[in-house]
Amino acid sequence: LITDDVYDGVVIKLSNHFNNISLLGEDVIIAGSGVLDKSLSNFAMQNNLSGFEFLSSIPGTVGGGIKMNAGCFGSEVSDFFIKGKAVDFYGNLIEFTKEQCRFAYRQNNFIKDMIVVEAIFEIHQSTSEKIYTLIKKYQINSVKHC
């Protein structure tokens with residue numbers, strides 16, 4: 001629960017149907033907005049996909065990461081984002097592209113009044129050993145760089 005003294009608005013927690021991750025080819029991942037950043041990083045590692053190592057040290061979700069263009073260690077969500085889906089204020093499902101987002105430092109200039117429900121990312125092939133090494137390095141240094 002969140003008190004009105006802290007935030008005067010509506011808080012929505014997306015889970016269950018918004019917590020899925022799957023592959024759409026060799027290097028494309030589709031993820032629901034409720035997926036934890038760390039879970040997305042682990043899924044990528046398990047599938048020998050590199051690029052999301054930085055997400056292992058960010059305490060958030062895919063939806064929030066897109067909304068604020070989350071990042072650290074020189075990478076950010078917009079580096080890998082292709083397109084997504086969101087629900088607008090009227091309940092319409094809107095598809096949007098990276099170009100429409102006009103990502104900037106810690107912001108997305110398109111989905112301000114929408115709720116992200118799904119995202120598609122493209123990252124690249126690597127080995128789980130190299131990915132694991134980067135994840136451990138980032139987790140050790142996350143206090144200084146994120």
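This report describes the sheet, the helix packed on it, the aromatic pairs, and selected loop residues of a predicted model.

## Basis of the description

Because the model is predicted, local features need pLDDT of at least 70 and side-chain atom pairs count only at pLDDT 80 or more, whereas totals for chains, interfaces and linings use all residues. Residues are numbered from 1 along each chain as its sequence is written, and side-chain values use heavy atoms, with hydrogens and water left out.

## The open sheet

Five strands form an open sheet in the order 1-2-8-6-7, with antiparallel pairing. Strands here are DSSP runs of E with at least two residues, helices are runs of H or I with at least four residues, and both are numbered from the N terminus; two strands pair if DSSP finds at least two bridges between them. Strand 1 (21-23) and strand 7 stand at the edges, each with a single partner strand, so one side of each is left without a neighbour in the sheet. From one strand to the next the twist averages 15°, where axes are lines fitted to C-alpha atoms, for helices over the stretch in contact, and angles run from 0 to 180 degrees between N-to-C directions.

Strands of a sheet pair through backbone hydrogen bonds, either parallel or antiparallel. Strand 6 (residues 81-87) and strand 7 (residues 93-97) run antiparallel and are joined by five bridges. Within this pairing, K83 stands opposite T97, and K85 stands opposite E95. The hairpin that these two strands make has five residues between the strands, and G91 in that hairpin takes a positive phi near 90°.

## Helix 1 on the sheet

Helix 1 (residues 37-46) packs on the sheet and touches strand 1, strand 2 (28-32) and strand 8, its direction making about 30° with that of strand 1; contact means heavy atoms within 4.5 Å. The buried residues of helix 1 are D37, L40, S41, F43, A44 and M45, where buried means under 20% relative accessible area, exposed over 50%, and partly exposed in between, with a 1.4 Å probe and protein chains only. Helix 1 is followed by N48, which has a positive phi near 55°.

## Aromatic pairs

The count comes to nine aromatic pairs, under a rule that pairs rings of Phe, Tyr and Trp (its six-membered ring) if their centres lie within 6.5 Å, and that calls planes under 30 degrees apart stacked, over 60 edge-to-face and the rest tilted. F81 and F96 form a stacked pair, at 5.7 Å centre to centre and with 20° between the planes. This pair links distant parts of the chain, since F81 lies in strand 6 and F96 in strand 7, 15 residues apart. Both are buried, F81 at 3% relative accessibility and F96 with a relative accessible area of 1%.

The rings of F96 and F110 have their centres 5.9 Å apart and their planes at 40°, so this pair is tilted. F96 lies in strand 7 and F110 in the loop between helix 3 (98-101) and strand 8 (115-122), so the pair ties together parts that are 14 residues apart in sequence. F110 counts as partly exposed, at 25% relative accessibility. One aromatic cluster is formed by F52, F54, F80, F81, F96, F103, F110 and F121.

S78 is found in the loop between strand 5 (75-76) and strand 6, and at 6% relative accessibility it counts as buried. Not counting residues up to four places away in sequence, S78 touches N69, K98 and F103.

N109 is found in the loop between helix 3 and strand 8 and counts as partly exposed, at 24% relative accessibility. Leaving aside neighbours within four places in sequence, N109 is in contact with C101, R102 and A104, and the side chain of N109 reaches the backbone oxygen of R102 at 2.7 Å. The C-alpha atoms of N109 and T61, 48 residues apart along the chain, are separated by 18 Å.

## Cysteines

The structure holds zero disulfides, a disulfide being a pair of cysteine sulfur atoms within 2.5 Å. The sulfur of C101 is 20 Å from the closest cysteine sulfur, in C72, which is too far for a bond. C101 is itself buried, with a relative accessible area of 0%.

Technical notes: A polar contact is a pair of N or O atoms within 3.5 Å; within protein, one must be able to donate a hydrogen and the other to accept it, and residues adjacent in sequence count only if both atoms are side-chain atoms.
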